[in-house]
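This briefing is intended for a reader who is new to protein structure. Please keep the sequence and the structure in view while reading.

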Amino acid sequence: MTLQKIGLAGKYAIAFLRVFGGNITLEMVSALGDLVVFGKKNVSSLALLQIAIFDARAKADLIKHICSKFGLNDLLRQLIDLLAQHGRLNIFITVIEQIIARFQEWYGIIEIACTSAQPLDNDAHDVIYRFIERMTGKQAKITFKINQDVIAGIRLQGHDILWEYSIAQQLRALTTAG
Amino acid sequence: MDIKSTDLISLFEQSLTNMAGHDFEEIGLVMQVGDLSCKIHGLMNAVYGEQIVFEGGNKGIILNLEENFVTAFLLYADIPVSELEVVKRTGGVFKIPVGTAQIGRVIDAQARPIDGMQPIAVQEMRTVEADIVGIAQRSPINESLETGIMVIDALFPIGKGQRELIIGNRTTGKSSIAIDAVLHQKGNNVICIYVSIGQRQVNLARIVRLFEQHGALDYTIVVSADAAESALNRYLAPYTGCTIAEFFKDLGRDVLIIYDDLSNHAIAYREMSLLMRRAPGREAYPGDIFYLHSRLLERAGKFLKGGSITALPMVEVQGDDITAYIPTNLISITDGQIFLDSTLFNNGIRPAVNVELSVSRVGGAAQTKAMKRVAAALRLELTQYHDLLAFSQFGTELDAISQKWLARGARIVELLQQQQHESYIFADQVLMLFLLKENFLDAIGPKQVSHFARQFVSYVQSVYKNLYQELYDTKELSVAMQEQLRDIAKEFCKIVVV
């Protein structure tokens, strides 16, 4: 995805949220997230969106059909029509990503990937939730991951923030020092 | 001892708060990499010129801020950067280490030693882009900086704090003039900084060896960004040199900085600007190409607090055309230019200074009284000679006066000729020019003029030591001294000619 596409998608997302932002519920955001996951898993199936010679109406119908499966048809119908009219259905999934990111930003939700070398129990999860909320002042939505490369400690990475206290980070600091 | 799980959890929570002692860092993700530049999504609060750190160990400098991304140039070509790599802000603009231990060393654009010797002790870190000292803190240029090259010291004197452009075609002796000026500073308490931009490594190695052989490395720092370096390093090198110069200036030292050359610097910046997709203008240079050099050269000067920075930037022209874009920019920024003419060079005249097109706008005030006395009419005489010479080439028969002028002009040209790495101190130059002014050279064959004048200097040095010393110390040529010198010259002519 090029930076230009992200920028363009961001503009559609802002416009969409200005009009429909008030109607969006957290459940809808969750469904939008599922839609993005579906879109990324089925890139080859959605490849026709990238082909300019295909009829925009056919592309729009396909997307509407997919959205109906996630219960998002009513919410997204006008956005899909607008993108079809502008010939920009190829950035549909990116626009949805941007809608989620901006919705979360507006409503003080932060998505964080917490990576550790060992699995963390629920008590540790609670501590990390509290820690992130205290540090960022936002409601945390955390995905816990295991990665042995961390060696020990944890790494909390959001869209544009990072907090890391791990052996891997200290080793990196040593190798790049001086 | 019993440890409860709740204790462990509270310990973990406490550790999370205390152990790192830092907030969340702002990050971005690399979206595109190529040509030692990369586009990064995120880093929304980054500032222009900020240094960033890649998780893989590379570092970069942000040089473009756009709506959704920033463009950074990489500092190291040998550390790979991958797509979606995390990039962190450092919160500070790019800094280099400076210190007196850099004297005698060869360093790169990031001030790291590249001469294979021990690490350099750092005294402080300074930003390469510094505020320019305002007019209230500047002092008039009134102290001469000798280059040891007679044609320059006599006709286009350079003052401490001046910016004098050296301009000319390829291989007309631009670097030689600058190198000779550096070599001449031995014992003059001037720190020299030689910034090599986009030159061949073999050339730089030769220059460093030359400095070493002449003992010039005792007071010289060489900053190198050779032709194989990235555009960013070539862009940074003059600013690095200038930052080091400012460090010594703040210590109260006089600094001579050579930028060899700013054509390559402009090319490096053009390369970067095109990669950043900035709108190309004339000769594909970006719109701020003037500011690139003006903000560099405005950092030179003589200052009320501290010492001075004298800058000798160089620029290459094509086909002796000084009206090209970068040369005209630099001519308007600097306080004068020394134009090296390829025709003169090909005719065997060294240094090949074109007297008509060269000028020193502020150096006159810095010239010593003695030099002013002996060199006042020299430029006019040389200009007339060149005009007459051009006229005589039409085969016209010239009158006796014109022939006399031609003969005198030929002697002036011969006297001002100087071999590479042969420099004259001020007193020697005054003595030689005195001979010329007082017409003692008219009876000498043009080819013997230089030899005769040098012998005269040796004669005065050895026989009339007191007079020589007085001239050296006072830098004046009083009427009485002139009288005495006339008698000495007559005496010398009898010994040598008769």
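The points below treat each chain, the contact between the chains, and selected helix and strand pairs.

The model is predicted. Chain A contains seven helices and four strands, and 18 of its residues are in contact with 25 residues of chain B. Chain B is divided into domain 1 (23-93), domain 2 (97-367) and domain 3 (372-496).

**Layout of chain A**

- Read from the N terminus, the order of elements in chain A is α-α-α-α-α-β-α-β-β-β-α.
- Chain A is divided into two parts, namely domain 1 (3-105) and domain 2 (110-176).
- The centres of domain 1 of chain A and domain 2 of chain A, taken over C-alpha atoms, are 30 Å apart.
- Along the principal axes, the C-alpha atoms of chain A occupy a box of roughly 55 × 35 × 30 Å.

**Helices α1 and α5 of chain A**

- Two packed helices are described by the angle between their axes and the distance between the axes.
- In chain A, helix α1 (residues 3-20) packs against helix α5 (residues 92-106) at an angle of about 60 degrees, and their axes are 8 Å apart.
- Because of this angle, α1(A) is oblique to α5(A).
- The crossing in which α1(A) passes α5(A) is right-handed.
- On the side of α1(A), the residues that meet α5(A) include I6(A), A9(A), Y12(A), F16(A) and L17(A).
- On the side of α5(A), the residues that meet α1(A) include V95(A), Q98(A), I99(A), R102(A) and F103(A).
- By class, this contact of α1(A) with α5(A) comprises ten nonpolar, three polar and two charged residues.

**Where chain A meets chain B**

- The contact between the chains involves 18 residues of chain A and 25 residues of chain B.
- Four elements of chain A, namely α1, α6 (122-136), β4 (161-166) and α7 (167-176), each supply at least two residues of the side that touches chain B.
- Which element gives the most to this side of chain A? It is α6(A), with six residues.
- The side of chain A that touches chain B is made up of ten nonpolar, five polar and three charged residues.
- Strand pairing also links the chains: β4(A) is joined by two bridges to strand β1 (residues 25-34) of chain B, and the two strands run antiparallel.
- Within this pairing, L162(A) stands opposite E25(B), and I161(A) has E26(B) as its bridge partner.

**Strand β1 of chain B and its partners in chain B**

- Strand β1(B) pairs with strand β6 (residues 86-93) of chain B in the antiparallel sense, over three bridges.
- β1(B) and β2(B) form a hairpin with two residues between them.
- D35(B), in the turn of this hairpin, has a positive phi of about 55 degrees.

**Domains 2 and 3 of chain B**

- The C-alpha centres of domain 2 of chain B and domain 3 of chain B are separated by 31 Å.
- In the contact between these domains, 18 residues of domain 2 of chain B meet 20 residues of domain 3 of chain B.
- The helices α2 (150-155) and α3 (174-184) of chain B each supply at least two residues of the side of domain 2 that touches domain 3.
- The largest share of this side of domain 2 of chain B, five residues, comes from α2(B).
- By class, this side of domain 2 of chain B has nine nonpolar, four polar and five charged residues.

**Helices α11 and α12 of chain B**

- The axes of helix α11 (residues 378-392) and helix α12 (residues 400-416) of chain B come within 9 Å and cross at roughly 120 degrees.
- Because of this angle, α11(B) is oblique to α12(B).
- The crossing in which α11(B) passes α12(B) is left-handed.
- Among the residues of α11(B) that meet α12(B) are L382(B), Y385(B), L388(B) and L389(B).
- Among their counterparts in α12(B) are W405(B), L406(B), G409(B) and I412(B).
- The contact of α11(B) with α12(B) has eight nonpolar, four polar and two charged residues.

Definitions and conventions:
Residues numbered from 1 in each chain as written. Chains lettered and ligands numbered in written order. Predicted model: local features only at pLDDT ≥ 70, side-chain atom pairs only at ≥ 80, totals over all residues. Axes fitted to C-alpha atoms, helices over the stretch in contact; angles between N-to-C directions. Parallel < 35°, antiparallel > 145°, perpendicular 65-115°, else oblique. Left-handed = near helix turned anticlockwise from the far one by under 90°. Contact = placed C-beta atoms within 7 Å. Nonpolar A, V, L, I, M, F, W, Y, C, P; charged D, E, K, R; others polar. Pairing = 2+ DSSP bridges. Domains from an automatic or database assignment.
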